[in-house]
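Here are some friendly notes to read alongside the model. Please keep the 3D view open and follow the points in order.

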Amino acid sequence: MTGATLALRRVSPRRLATVALRQMSPRFKRRLLGLLAASVVLTALYQFWFRDSSLVEVQQVQVIGLTTSDAARVRGALTSAGKTMTTLNVDRAALERAVEAYPVVRTVEVEPDFPHGLRIHVIEYRAAAIAVSGAQRVPVAGDGTVLRGIRIDGRLPHIDANGPIGPKALDDPIARGAAAVAGAAPSVLRTRIDHVDRTTQGYVATLRDGPDLIFGGTAQLRAKWAAAARVLADQDAQGATYVDLRLPGRPAVGGLAAETVTPVAPAGTTEVAPPTPTTPETTSTSTPESTATTPETATQPLDQTPTTEVPPAASGGAAVAP
């Protein structure tokens, strides 16, 4: 390493910049200072004037994604709030505050269309269940959000809520878990659920004209519902009274007739063939003259293994491979 390299390392970057500036020509220095001043002015114009000026104000607002019965009011609130903004200064928080009175709105996605357009995509909550508490019957989302006034399409499962239903969300943690189970269900199966309860086996979804689905806890709900869909589509599982989904990789089906399941020896046992009866040998030194040997008796086999029947079990269950 040379002495010149060591000397450069010891010099600070500020000192190097000062040395480089001193070595510039006066003409170059004036141009550099002019560019810096122009950039400062342009930044100030953009920050304090142009981005909030009428040159880029929002004039057209397009709202998409609404299906609620309050769609007209939600669209009007978003349009009014959007037209107070510019395409260079969109306040998403202000748009969310404009529709916070409508619980069906989960969130909004905003896309400015320079110079005067604004597109707002409304993402709605979907009703997952009907919470029941006394005389109250209120639709709720899968996360427990209360959706008063939302339009209900088709049947929804019922869940029991302990205590009065809050204005924004379910206060009962058990009811929130039941709502999560119903909310994770595929739409084609959700309409078949009659109700979701919490039992000693965990959360259980009771189907109309179908088996009970035992979920246990609320972990891996997507995987458990996928396993439930496979079992319900399996012809061999028809007639089951319950499907245990607590291990989604190996759901267990119960209530099937034993004849539909191939008998399997218990683990750790060895099957032993039934003993073959033997015919004791008869030793004789002479044949009585009155005894005659007929062709039928001569052709009969000496040994014959009897056929044993295994009585079928009365009832039982089977594990269905995923």
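1. Let us begin with a facing pair: V110 stands opposite I120 in β3. Strands here are DSSP E runs of at least two residues and helices are H or I runs of at least four, both numbered from the N terminus. β2 and β3 (residues 117–124) run antiparallel and are joined by 8 bridges. Two strands count as paired if DSSP finds at least two bridges between them.

2. A word on the source: this is a predicted model, in which local features need pLDDT of at least 70 and side-chain atom pairs count only at pLDDT 80 or more, while totals for chains, interfaces and linings use all residues. Residues are numbered from 1 along each chain as its sequence is written, and side-chain values use heavy atoms, with hydrogens and water left out.

3. Which strand order does the open sheet of 3 strands have? The order is β1-β3-β2, with mixed pairing. β1 and β2 (105–113) are the edge strands, each pairing on one side only. From one strand to the next, the twist averages 20 degrees. Helix α4 packs on this sheet and touches β1, β2 and β3; the direction of α4 makes about 145 degrees with that of β1. Such angles run from 0 to 180 degrees between N-to-C directions, with axes as lines fitted to C-alpha atoms, for helices over the stretch in contact.

4. T68 sits in the loop between β1 (60–64) and α4 (71–82). Is T68 buried or exposed? T68 counts as buried because its relative accessibility is 8%; buried means under 20% relative accessible area, exposed over 50%, and partly exposed in between (1.4 Å probe, protein chains only). Beyond its neighbours within four places in sequence, T68 is in contact with V104 and E124, where contact means heavy atoms within 4.5 Å.

5. Now look at the largest nonpolar core, which has 35 residues. A nonpolar core is a set of buried Ala, Val, Leu, Ile, Met, Phe, Trp, Tyr and Cys residues joined through side-chain atoms within 4.5 Å. Among the residues with the most contacts inside this core are V140, L170 and W225. Elements that each supply at least two of its residues include β4 (129–133), α6 (173–183) and α8 (221–233). Apart from this core lies another, of 27 residues, among them V58, L95, V105 and Y125.

6. L170 is worth a click. Leaving out residues up to four places away in sequence, L170 touches a list of residues that includes A131, V140, I159 and A179.

7. Next comes H158, in strand β6 (residues 158–160). H158 is partly exposed because its relative accessible area is 29%. The C-alpha atoms of H158 and I130 are 4.8 Å apart, although 28 residues separate them along the chain. The side chain of H158 also makes a polar contact with that of R137 (3.3 Å); a polar contact is a pair of N or O atoms within 3.5 Å, and within protein one must be able to donate a hydrogen and the other to accept it, with residues adjacent in sequence counting only if both atoms are side-chain atoms.

8. Finally, follow β8, where 6 of its 6 residues are buried. A hairpin through 2 residues joins β7 to β8, and V196 has A205 in β8 as its bridge partner. β8 and β9 form a hairpin with 4 residues between them, and D209 in that turn has a positive phi of about 55 degrees. The bridge partner of Y203 in β9 is G216.
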